[in-house]
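Me: I have a model open and want to learn how to read its side-chain features. Can we go through them one by one?

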Amino acid sequence: MRVQLRIVALAAQLSVINADYSAAYHPDMYRKSAVQRETLFMITCPCGKHQIDENAKICPYCGILIKIGNIGIETTRALGGETEEESVSRWGTAYFNTRMVLMMRVRGETNAIMLPADEITNGIIGRNDPSLPQPPQIDLTPYRAEELGVSRRHARIERRENNVLNLTDLDSANGTYLNGTRMIPGQSRIVRNGDEIRLGKLVMTIEFMRQQPAAAQPPPPSEPQTPSAPPKPAPPTDRL
């Protein structure tokens with residue numbers, strides 16, 4: 001008798017489970033949840049053509065970065081087709097004090113960016129845009145930055161109290177690479193003399209230079225002295 005009661009109880013539990021399963025996966029319920037997802041959890045891509053999940057960071061259709069911050073929506077296009085280059089070890093000095101100059105030479109360009117240590121303030125590397133409250137200190141706009149995938153606020157380079165330079169990726173659309181290795185956004189890496197930095201497809205070489213001491217200024221010429229008048233001859237005196 002007890003065995004029969006247990007069998008009946010188990011059968012009742014199974015029927016409840018089957019009913020819950022059928023309700024949860026009924027086509028009407030699924031269609032309803034799909035509509036809810038479409039109306040409540042979908043946003044429009046900045047390009048205006050695609051509906052994407054509100055939590056997406058990159059549009060899966062066109063590659064635009066979806067990032068809402070203090071300056072609006074970042075629309076730097078993801079370049080795609082990027083493969084991580086072979087990491088190259090470089091063992092130049094990391095020492096960078098206040099008497100040194102940071103030289104950043106963009107590949108294929110003749111003019112280098114020169115920045116004395118005491119002038120590195122916010123250290124933002126990027127490209128200028130009217131939506132920014134202030135332009136980045138290291139503005140790469142003249143070097144086809146937008147075409148090469150550089151974000152408005154791509155990375156930051158700053159000098160620490162221990163006389164080293166630290167590079168940080170600011171969650172850029174196309175990534176920051178140090179000697180061929182992609183950096184993790186928000187994590188700083190020490191920069192050494194001779195390192196290669198790649199922002200999207202824009203490649204720069206870093207060099208540390210010492211400031212040349214100012215040449216000693218020659219003393220100002222002294223004013224010409226006017227010749228003194230010759231002494232007047234003494235008046236003749238009568239001899240006794």
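Reply: Start with burial. Buried means under 20% relative accessible area, exposed means over 50%, and partly exposed lies in between. Keep in mind that this model is predicted.

Me: Is Arg107 buried or exposed?
Reply: Arg107 has 57% relative accessibility, so Arg107 counts as exposed.

Me: What does Arg107 form with Glu196?
Reply: The general idea comes first. Side chains of opposite charge can pair when their charged atoms come close. Here, Arg107 forms a salt bridge with Glu196, and the closest N and O atoms are 3.1 Å apart. Arg107 lies in the loop between S5 and S6, and Glu196 lies in strand S14, so the pair ties together parts that are 89 residues apart in sequence.

Me: Is Glu196 buried or exposed?
Reply: Glu196 counts as buried, because its relative accessibility is 16%.

Me: How many salt bridges does a search of the whole structure find?
Reply: The search finds four. One of them joins Asp129 and Arg152, with the closest N and O atoms 3.4 Å apart. This pair also links distant parts of the chain: Asp129 is in the loop between strand S7 (124–126) and strand S8 (138–139), and Arg152 is in the loop between S8 and S9, 23 residues apart. Both Asp129 and Arg152 are buried.

Me: Which residue does Glu158 meet in a salt bridge?
Reply: Glu158 meets Arg160, at 3.2 Å from N to O. Glu158 is partly exposed, with a relative accessible area of 25%. Arg160 is partly exposed too, at 33%.

Me: Now the nonpolar side. How many residues does the largest nonpolar core have?
Reply: In soluble globular proteins, nonpolar side chains tend to be buried together. In this model, the largest nonpolar core has 29 residues. Leu102 and Leu140 have the most contacts inside that core. Elements that give two or more residues to the core include strand S5 (100–106), strand S9 (153–159) and strand S15 (202–210).

Me: Which residues is Leu102 in contact with, leaving aside its neighbours within four places in sequence?
Reply: Among them are Phe96, Ile113, Leu115, Ile157, Leu165, Ile206 and Phe208. Glu207 is also in contact with Leu102.

Me: And aromatic rings? How many aromatic pairs does the search find?
Reply: A pair of aromatic rings is described by the distance of the centres and the angle of the planes. The search of the whole structure finds one such pair.

Me: What lies over the face of Tyr177?
Reply: Arg198 does, at 3.8 Å from the ring centre.

Terms used:
Residues numbered from 1 in each chain as written. Predicted model: local features only at pLDDT ≥ 70, side-chain atom pairs only at ≥ 80, totals over all residues. Heavy atoms only, no water. Core = buried A, V, L, I, M, F, W, Y, C linked by side-chain atoms within 4.5 Å. Buried < 20%, exposed > 50% of the residue type's maximum accessible area, 1.4 Å probe, protein only. Helix = DSSP H or I, 4+ residues; strand = E, 2+ residues; numbered from the N terminus. Contact = heavy atoms within 4.5 Å. Phe/Tyr/Trp six-rings, centres within 6.5 Å; stacked < 30°, edge-to-face > 60°. Lys NZ or Arg CZ within 6 Å of the ring centre and 35° of its normal. Salt bridge = Lys/Arg side-chain N within 4 Å of Asp/Glu carboxyl O.
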